[in-house]
Amino acid sequence: MKISPLGDRVVLKSAEVEETTKSGIILTGNSKEKPVYSEVVAVGPGAVVDGKKVPMEVKVGQKVIYSKYAGTEVKFGEDEYTIVKQGDILAVVE
Amino acid sequence: MKISPLGDRVVLKSAEVEETTKSGIILTGNSKEKPVYSEVVAVGPGAVVDGKKVPMEVKVGQKVIYSKYAGTEVKFGEDEYTIVKQGDILAVVE
Amino acid sequence: MKISPLGDRVVLKSAEVEETTKSGIILTGNSKEKPVYSEVVAVGPGAVVDGKKVPMEVKVGQKVIYSKYAGTEVKFGEDEYTIVKQGDILAVVE
Amino acid sequence: MKISPLGDRVVLKSAEVEETTKSGIILTGNSKEKPVYSEVVAVGPGAVVDGKKVPMEVKVGQKVIYSKYAGTEVKFGEDEYTIVKQGDILAVVE
Amino acid sequence: MKISPLGDRVVLKSAEVEETTKSGIILTGNSKEKPVYSEVVAVGPGAVVDGKKVPMEVKVGQKVIYSKYAGTEVKFGEDEYTIVKQGDILAVVE
Amino acid sequence: MKISPLGDRVVLKSAEVEETTKSGIILTGNSKEKPVYSEVVAVGPGAVVDGKKVPMEVKVGQKVIYSKYAGTEVKFGEDEYTIVKQGDILAVVE
Amino acid sequence: MKISPLGDRVVLKSAEVEETTKSGIILTGNSKEKPVYSEVVAVGPGAVVDGKKVPMEVKVGQKVIYSKYAGTEVKFGEDEYTIVKQGDILAVVE
């Protein structure tokens with residue numbers, strides 16, 4: 001089974017957040033139960049603006065931080081995915 | 001009887017969600033009573049932007065995930081349909 | 001007496017919804033007291049965008065489904081009409 | 001004394017609604033205390049869009065239906081007027 | 001002392017409303033404590049749209065009706081002024 | 001230490017309002033605890049619109065009235081400053 | 001580990017605010033627990049407007065004041081970062 005996001009949407013897979021590691025990302029405040037550190041698993045073809053397709057900036061396999069509250073969650077079997085617009089991705093983490 | 005959606009609207013037929021299958025899509029949280037996994041049954045001609053018709057990306061027969069809260073529900077006989085704008089469709093599932 | 005809608009507005013006449021017929025449209029949820037299945041009785045000249053009149057897509061006599069909550073209701077004698085913008089019409093039913 | 005509306009505004013004079021006449025307009029629901037059937041008494045010069053004056057579509061003397069909730073009410077002596085934007089006028093009644 | 005409004009703003013001086021005169025403007029409803037009938041005392045240079053200054057339509061000395069709720073009130077000595085955008089002025093009264 | 005506002009922002013220093021002087025500006029209503037009469041102490045380079053820098057209209061040293069509720073307050077040592085967008089400045093007072 | 005912000009986003013590191021120093025920045029009101037005086041640690045490539053990348057104005061190492069309420073907080077090990085859009089940065093402090 002395969003998810004192909006439309007437009008400038010991106011499918012993200014929640015990454016486990018190691019709360020005790022010094023180099024891990026730990027989210028503050030009330031976003032604890034919803035980690036915003038994720039891996040890109042599928043990227044849409046890009047939004048169409050004035051008849052031209054705007055290319056996407058993120059790539060499959062990158063680790064990203066996205067805006068909490070953004071996105072729609074779906075579940076395939078045991079895995080949870082989140083579909084967000086690229087504009088809700090704040091930064092790529094390397 | 002036939003429904004012809006206007007503009008960039010799409011008519012969707014709710015698909016049964018197999019909650020116990022590993023490869024099935026199961027929606028999390030409070031969207032349980034409203035499955036967002038649907039089949040495209042009719043596609044509008046596309047929105048008109050600056051006098052040009054923008055072609056549609058989804059096709060009849062595709063299975064799609066759409067944004068919960070989006071769309072208007074209508075009932076023909078025993079079947080339930082949802083009319084959404086194409087922009088509310090998040091991804092195509094194959 | 002005659003109603004001429006302005007811009008891209010459309011005058012609709014509420015159609016009786018046969019709730020027991022299999023091929024009739026029955027609206028779900030809390031939209032029961034306001035049927036959204038209607039007949040087009042008058043069509044405006046079209047909105048003016050950048051100095052050009054955008055032609056209308058719906059025609060007098062068509063049966064349409066429109067977005068619940070949209071429109072303003074008026075009464076002529078015994079009949080009830082609803083004036084909506086064409087953008088609030090979701091689909092044509094044949 | 002004379003009211004000259006600015007831009008695309010229109011001055012309307014509330015028309016008496018004959019509730020018992022078959023051909024009269026009777027408004028449904030909670031709009032009873034504010035009749036939306038009115039006569040155009042003054043028309044603005046039109047809005048200026050991109051440096052060009054967009055001509056007005058309604059004329060003094062026409063009877064119109066306008067969107068309830070729209071407009072600002074003013075009183076000259078014994079008469080009540082309502083100033084609305086032309087975009088809040090739904091239809092011309094003849 | 002002199003107030004020079006910026007952009008498309010206008011400085012208005014509240015005019016006394018003669019509530020008993022037949023030709024006076026008397027505001028209905030809950031706008032009684034804030035008369036919307038005012039005199040223009042200063043006019044801004046006009047808003048700049050796409051690099052061009054859009055000329056103002058109202059002139060110092062004109063009596064105008066403006067949208068209630070609009071504007072910011074300031075007091076010079078004993079007089080009260082209201083600064084509004086020209087778009088909040090509904091009509092010129094002569 | 002020096003504050004350089006970005007874009008079309010302006011740094012204002014609250015001016016003391018002489019409430020008893022006839023020519024002083026006294027704000028009405030609930031804006032008493034936040035005087036809106038201020039002196040311009042720094043001006044940004046101007047906003048960039050369509051790739052062009054739009055020049056600023058206010059100058060350092062001018063006394064201005066700005067929209068209450070607008071701006072962010074900062075404190076340097078003993079002085080209080082407010083950073084507003086130029087569009088929130090209503091008028092220059094001379 | 002490295003954070004690369006997307007578009008016109010900027011990564012900020014909260015700076016300690018010396019509340020007792022005369023030349024320090026002390027924020028008024030209810031923003032005390034969230035200092036808005038920060039150091040730029042990473043700058044995005046700039047937003048894309050009409051197919052052109054708009055260059056960024058702030059630079060790594062600058063001290064900035066940003067709008068309270070703006071931004072998303074992330075934690076790397078012991079340090080806290082905030083990711084904001086450049087438009088939420090009010091001023092550069094030197």
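1. Strand 2 of chain F runs antiparallel to strand 3 (residues 37-43) of chain F, and five bridges join the two. Within this pairing, F:Leu12 stands opposite F:Val40 in strand 3 of chain F. Note that the model is predicted.

2. Strand 2 of chain F, residues 9-14, also pairs with strand 8 of chain F, residues 79-85. The sense is again antiparallel, over five bridges. Here F:Val10 stands opposite F:Val84 in strand 8 of chain F.

3. Now chain E. E:Arg9 lies in strand 2 of that chain, which covers residues 9-14. What is the nearest side chain of opposite charge to the buried E:Arg9? That side chain is E:Asp8, 5.5 Å away. E:Arg9 has no salt bridge; the cut-off is 4 Å.

4. The contacts of E:Arg9 involve both chains, leaving aside neighbours within four places in sequence. In chain E, they include E:Val43, E:Gly44, E:Met56, E:Ile83, E:Val84 and E:Lys85. In chain F, they include F:Gly87, F:Ile89 and F:Leu90.

5. Chain D: D:Glu73 sits in strand 7, residues 72-76. Is D:Glu73 buried, exposed or partly exposed? D:Glu73 counts as partly exposed because its relative accessibility is 28%. Between D:Glu73 and D:Leu12 there are 9.4 Å in space, C-alpha to C-alpha, and the two are 61 residues apart in sequence.

Notes
Residues are numbered from 1 along each chain as its sequence is written. Chains are lettered from A and ligands numbered from 1 in the order in which they are written. This is a predicted model: local features need pLDDT of at least 70, side-chain atom pairs count only at pLDDT 80 or more; totals for chains, interfaces and linings use all residues. Side-chain values use heavy atoms; hydrogens and water are left out. Helices (H or I, at least four residues) and strands (E, at least two) are DSSP runs, numbered from the N terminus. Buried means under 20% relative accessible area, exposed over 50%, partly exposed in between (1.4 Å probe, protein chains only). Lys and Arg count as positive and Asp and Glu as negative; His and the chain ends are not counted. Contact means heavy atoms within 4.5 Å. Two strands pair if DSSP finds at least two bridges between them.
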